[in-house]
Amino acid sequence: MQMPNKKQLIQLVAILALTGCTSVADMVGYDTASLNEAAAKNYSQVVQQAQSQRVLDNTSHTSRRIKTVFERLKPHANQANQTGVPFNWQMNVFRGDELNAWAMPGGKMAMYTGMVDRLKLTDDEIAAVIGHEMTHALLEHGKKAIGGQVLTGLGGSILAGASGVDANIVGLGTDLLASKPFSRHQESEADAGGVRLMAQAGYNPEAAISVWEKMSKLEGSSSIAILSTHPTNQTRINAIRRMLPELMPIYQKNKR
């Protein structure tokens with residue numbers, strides 16, 4: 001088969017860019033179902049490792065609170081799922097001082113006890129964090145990150161005179177599926193989706209503001225992994241405040 005020339009490769013990248021990063025991931029074999037399955041396997045390994053290190057927390061009061069909030073949000077997350085593939089949502093809690101939580105594709109989630117204990121989060125504030133991470137999964141931000149990697153890698157290949165997408169461009173390690181930073185735009189999307197989920201579940205969306213106010217007080221700490229690429233706290237607080245007139249009636253209707 002004849003190798004495409006540089007001009008043809010540039011045209012290919014332009015076409016891929018127009019289709020969007022999610023479609024690019026589909027084109028190279030990381031459709032939603034496949035990616036969710038791969039994430040589930042990776043997640044299982046992460047949980048097993050946590051269990052072997054005795055940091056998996058199934059018994060503490062903090063763990064029970066996190067899982068109770070998670071279960072209350074889950075039906076609303078299922079209703080919001082527009083990926084075409086049902087999610088098998090799971091939440092595990094890890095003991096540790098890290099102020100962090102994450103979600104893998106397909107709804108595989110984790111939260112550290114330090115997030116709740118150090119910030120003294122209320123249940124409504126826990127819902128803000130979990131809803132935010134759920135929205136990352138629902139909007140397939142991990143999948144878009146893979147599509148972006150493919151485009152970036154393919155662009156580099158063109159400059160090097162290569163003729164295709166190297167399979168090594170697309171990694172499926174935990175760093176990509178869980179802790180790879182999302183863009184600021186994606187973080188803003190996750191904020192907006194998260195406060196909507198919490199209002200639907202009967203949690204006060206105003207609590208999302210207090211979470212970031214608490215985070216602001218500790219922003220200089222190197223242990224706050226969740227702050228690394230997020231919008232500034234005041235920016236996200238302002239955006240949430242603008243949503244409250246729409247969300248508060250939803251919360252009032254559903255609060256328990």
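Let's start at Met198, which touches Leu73, Asp124, Ala127, Ala128, Tyr203, Asn204, Pro205, Ala207 and Ala208 once residues up to four places away in sequence are set aside; contact here means heavy atoms within 4.5 Å. Before going on, note that this is a predicted model, in which local features need pLDDT of at least 70, side-chain atom pairs count only at pLDDT 80 or more, and totals for chains, interfaces and linings use all residues. Numbering runs from 1 along each chain as its sequence is written, and side-chain values use heavy atoms, with hydrogens and water left out.

Met198 also belongs to the largest nonpolar core, which has 45 residues; Leu73, Trp89, Met111, Leu121, Ile130, Met134 and Met198 have the most contacts inside it. Such a core is a set of buried Ala, Val, Leu, Ile, Met, Phe, Trp, Tyr and Cys residues joined through side-chain atoms within 4.5 Å, where buried means under 20% relative accessible area with a 1.4 Å probe, protein chains only. Helix α6 gives the most to this core, with eight residues. Another core lies apart from it, with eleven residues, including Ala50, Phe94, Met104 and Ala110.

Now to the helices, which are DSSP runs (H or I, at least four residues) numbered from the N terminus. Two packed helices are described by the angle between their axes and the distance between the axes. Helix α6 (residues 123-138) packs with helix α9 (residues 184-200) at an angle of about 125 degrees, and their axes are 7 Å apart. The axes are lines fitted to C-alpha atoms over the stretch in contact, and angles run from 0 to 180 degrees between N-to-C directions. The two helices are therefore oblique to each other, a class left over once angles under 35, over 145 and from 65 to 115 degrees are taken out. By class, their contact has seven nonpolar, seven polar and four charged residues.

On to helix α4 (residues 61-80), which packs with α6 at about 40 degrees, with the axes 9 Å apart. That makes α4 oblique to α6 as well. Among the residues making the contact are Leu73 and Lys74 of α4 and Ile130 and Met134 of α6. The residues of this contact divide into eleven nonpolar, one polar and three charged (Asp, Glu, Lys and Arg count as charged; Ala, Val, Leu, Ile, Met, Phe, Trp, Tyr, Cys and Pro as nonpolar; the others, Gly among them, as polar).

Finally, look at Lys74 in helix α4. Leaving aside its neighbours within four places in sequence, Lys74 is in contact with Trp89 and Met134. The C-alpha atoms of Lys74 and Ala201 are separated by 8.8 Å, although these residues are 127 apart along the chain.

Note on methods. Buried < 20%, exposed > 50% of the residue type's maximum accessible area, 1.4 Å probe, protein only.
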